[in-house]
Amino acid sequence: MDKASADCPYPGCFFCVMKEGNPSKRRASILKFFRELPAQDDDGQVLPISGLWNTAMAHPNDPEFIELGIFECMSALIWKGLKNRRWLSHDQNIYIPYYAAHIIGSYTMNMEEFAESAVHAGVIPPLVELLRGRLTWVEQRVAVRALGHLATYASTFNAVASHGEILELSIQLAMSSLEIVYSHFYQYVDRRLSYHCDLLTRGMGGVEMESRKAEEWASQLQCWSLQLINCFAFKPEFLSTICKPEFLIKLPGMWGGLVNENSPAGIGLLRTICHHKLGRGPVASCPGIIESLCNIARSSDDWQYMAIDCLLWLLQDPSTCHKVIDKAVPALIDLAEISTLGDHKKLGDSIVNVLQECIQSQGPGRSSANNRTKELIEELVNSRQRLKWEKNMPKEDLHIKQAAALVVKLEGNSLFSSGNIAGAASKYSEALALCPVRSKKERVVLYSNRAQCHLLLQQPLAAISDATRALCLHNPLNRHAKSLWRRAQAYDMLGLAKESLLDAILFINECSQSNDPDLSLRQNKVPDYAERLVKKQMRAAWLFREAAIKHGGVHCEGDAGDMYGQETDDSEWETASESDIGNDGRDEMGDDDDDDDDEDESEWKNEDERKDKYDKPLMKDLKHGYNVQLVEEEP
């Protein structure tokens with residue numbers, strides 16, 4: 001460059017050039033800088049690159065640097081780092097390939113024309129080398145991010161796809177990313193590369209912050225790999241490579257964790273795969289995957305609709321329907337009361353229509369649904385018919401049915417109080433048969449009460465079904481606090497840590513927003529019973545748990561990961577099936593915020609007694625006749 005500031009020690013300083021007032025001189029100097037930088041070996045090169053990194057993140061749609069050759073410059077710098085290890089290890093040049101790949105990704109994430117310029121500048125080959133792991137996982141992360149952006153656009157996808165190894169590398173990275181980050185960084189504090197620590201925390205944190213950021217970056221590495229694979233999955237010719245059983249079976253478990261909850265992750269890719277007929281066959285044949293889709297479909301997170309779509313498409317396809325119908329139908333029937341889910345209008349009606357068509361299409365010579373599945377669908381269809389009849393029924397008759405249902409429910413509450421849990425469940429079922437279908441608030445209470453009975457009877461699958469039905473009927477959708485808590489406990493009984501964790505967190509959120517004095521969190525404190533379950537499930541669903549078990553546990557003293565990665569004495573973590581469901585935290589919960597039900601007025605005598613009873617196993621609670629009123633009554 002031509003000129004530096006009078007008090008700047010670096011000839012041709014990039015930051016001085018950026019202060020140039022003459023636009024034409026400024027552009028000429030920047031152009032020259034981009035052309036000459038890769039050939040220079042001066043100290044301090046990382047400073048302008050980090051400045052460009054900041055600019056790219058702040059102004060990713062600004063075309064100035066694109067027109068002046070930033071992609072050619074970044075590509076050349078990555079190649080230089082790959083080929084010249086002596087230069088890479090000098091000064092702070094080790095940071096430059098990371099920054100260069102990140103800059104490429106930032107400038108290509110929104111603008112297709114920028115992506116086209118990047119491809120023409122030759123950025124793909126050096127990014128592929130980073131994706132191979134030629135440097136470290138940190139550079140892999142930004143390489144897969146940039147390639148994912150390039151693969152998003154129709155005009156640049158073929159350029160990415162022409163490098164056949166990209167898809168295979170991305171699949172391997174999606175499956176191994178968590179283990180790579182754990183074993184190469186998280187596990188041993190004293191072996192962490194200093195530049196990794198600096199990039200993770202920007203020099204603002206210690207070991208604990210490094211570990212937390214490493215978990216976040218590991219999740220991003222996996223999720224961005226899945227995003228890149230998803231671009232290939234839209235093309236049928238790549239599905240045979242993607243739809244390998246060893247990969248498909250892992251997709252439902254790739255969920256991003258709490259640190260990356262906004263990513264559709266594995267379920268998003270499964271939805272794309274199931275959208276194609278060529279993808280549905282392998283998914284339907286993969287052991288365990290339908291059960292996982294059913295669990296996600298019942299969940300209350302943002303990606304619930306994706307799992308529902310997968311199940312519906314599998315049922316609508318004659319070649320896969322008979323393989324999945326008996327597993328998919330119970331979950332979908334639980335969800336048939338959903339009216340609207342995001343952009344999905346009349347979702348429940350769509351579910352009913354698909355299930356009816358599925359049964360009607362079951363012909364001779366093909367494996368048909370079992371009798372229980374047919375009964376469930378018939379019951380669903382009958383309930384829809386009941387709703388039509390009720391619309392023409394006189395109001396007086398509806399009131400009589402409501403009153404009869406209330407009487408039976410109160411009988412169920414009485415049986416529950418006396419310890420006859422099975423009898424109470426039977427009465428709630430009888431009340432549901434009487435209660436008008438249109439009386440949604442009352443049916444929410446009945447389903448939730450029956451879910452509690454199923455918990456006490458050690459029937460977690462039935463409890464999940466009833467709690468899900470209550471959540472689908474509730475307004476707003478999926479926000480009935482007691483049903484969230486009961487389903488969280490049922491998932492815990494089945495060892496489904498992620499599902500239990502998400503419901504427990506939603507339960508706490510609902511409590512914090514409730515106007516009900518019994519449901520609201522007193523003094524902004526999370527109830528002890530909820531905190532215990534959340535901590536337990538955070539440890540069980542910890543992103544690095546599988547890798548930690550494989551590599552011998554966590555060796556980071558003082559690290560936040562200790563809480564999740566190391567086993568503790570089981571006596572400290574009683575399962576919900578032993579303790580939580582014995583009282584459901586009912587002394588903290590009380591009435592629902594919609595005032596549709598009312599717990600028994602009796603309270604625990606004092607806090608010590610409450611803790612005492614919480615810590616006793618379920619069977620002991622029942623044996624000693626503790627007054628654990630959990631059922632809900634009308635006010």
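This is a predicted model: local features need pLDDT of at least 70, side-chain atom pairs count only at pLDDT 80 or more; totals for chains, interfaces and linings use all residues.

Colleague: How many aromatic pairs does the structure hold?

Modeller: The structure holds 22 aromatic pairs.

Colleague: Why is the pair of Trp137 and Phe185 called edge-to-face?

Modeller: The ring centres of Trp137 and Phe185 are 6.0 Å apart, and the limit for a pair is 6.5 Å. Their planes stand at 65°, and an angle over 60 degrees counts as edge-to-face. The pair is therefore edge-to-face.

Colleague: How do you know whether Trp137 is buried or exposed?

Modeller: Buried means under 20% relative accessible area. Trp137 has 2%, so Trp137 is buried. Phe185, at 1%, therefore counts as buried as well.

Colleague: Why is the pair of Phe157 and Phe232 described as it is?

Modeller: The centres of these two rings, Phe157 and Phe232, lie 5.2 Å apart and their planes meet at 65°, so this pair is edge-to-face. Phe157 is in helix 11 (residues 154–161) and Phe232 in helix 14 (residues 207–233); the pair therefore ties together parts that are 75 residues apart in sequence. Both Phe157 and Phe232 are buried.

Colleague: Which residues form an aromatic cluster with Trp137 and Phe185?

Modeller: Trp53, Tyr95, Tyr98, Tyr99, Tyr195 and Trp217 form one aromatic cluster with them.

Colleague: Turning to the surface, why is Lys395 called exposed?

Modeller: The relative accessible area of Lys395 is 63%, and exposed means over 50%; Lys395 is therefore exposed. Lys395 lies in helix 24 (residues 395–417). Together with Lys388, Lys391 and Arg438, Lys395 forms a patch of positive charge on the surface.

Colleague: What makes Met538 and Gln458 partly exposed?

Modeller: The term covers the range between the cut-offs of 20% and 50%. Met538, in helix 30 (residues 528–540), has 24% relative accessibility and so counts as partly exposed. Gln458, in the loop between helix 26 (440–456) and helix 27 (460–473), has a relative accessible area of 41% and is therefore partly exposed.

How values were computed:
Residues are numbered from 1 along each chain as its sequence is written. Side-chain values use heavy atoms; hydrogens and water are left out. Patches are made of residues with over 30% relative accessible area and no salt bridge: like charges are joined within 9 Å, nonpolar side chains (Val, Leu, Ile, Met, Phe, Trp, Tyr) within 5 Å. Accessible areas come from the Shrake-Rupley method with a 1.4 Å probe; for residues, only the protein chains shown count as cover. A salt bridge is a side-chain nitrogen of Lys or Arg within 4 Å of a carboxyl oxygen of Asp or Glu. Lys and Arg count as positive and Asp and Glu as negative; His and the chain ends are not counted. The place of a charge is taken as NZ of Lys, CZ of Arg, CG of Asp or CD of Glu. Helices (H or I, at least four residues) and strands (E, at least two) are DSSP runs, numbered from the N terminus. Buried means under 20% relative accessible area, exposed over 50%, partly exposed in between (1.4 Å probe, protein chains only). Rings of Phe, Tyr and Trp (its six-membered ring) pair if their centres lie within 6.5 Å; planes under 30 degrees apart count as stacked, over 60 as edge-to-face and the rest as tilted.
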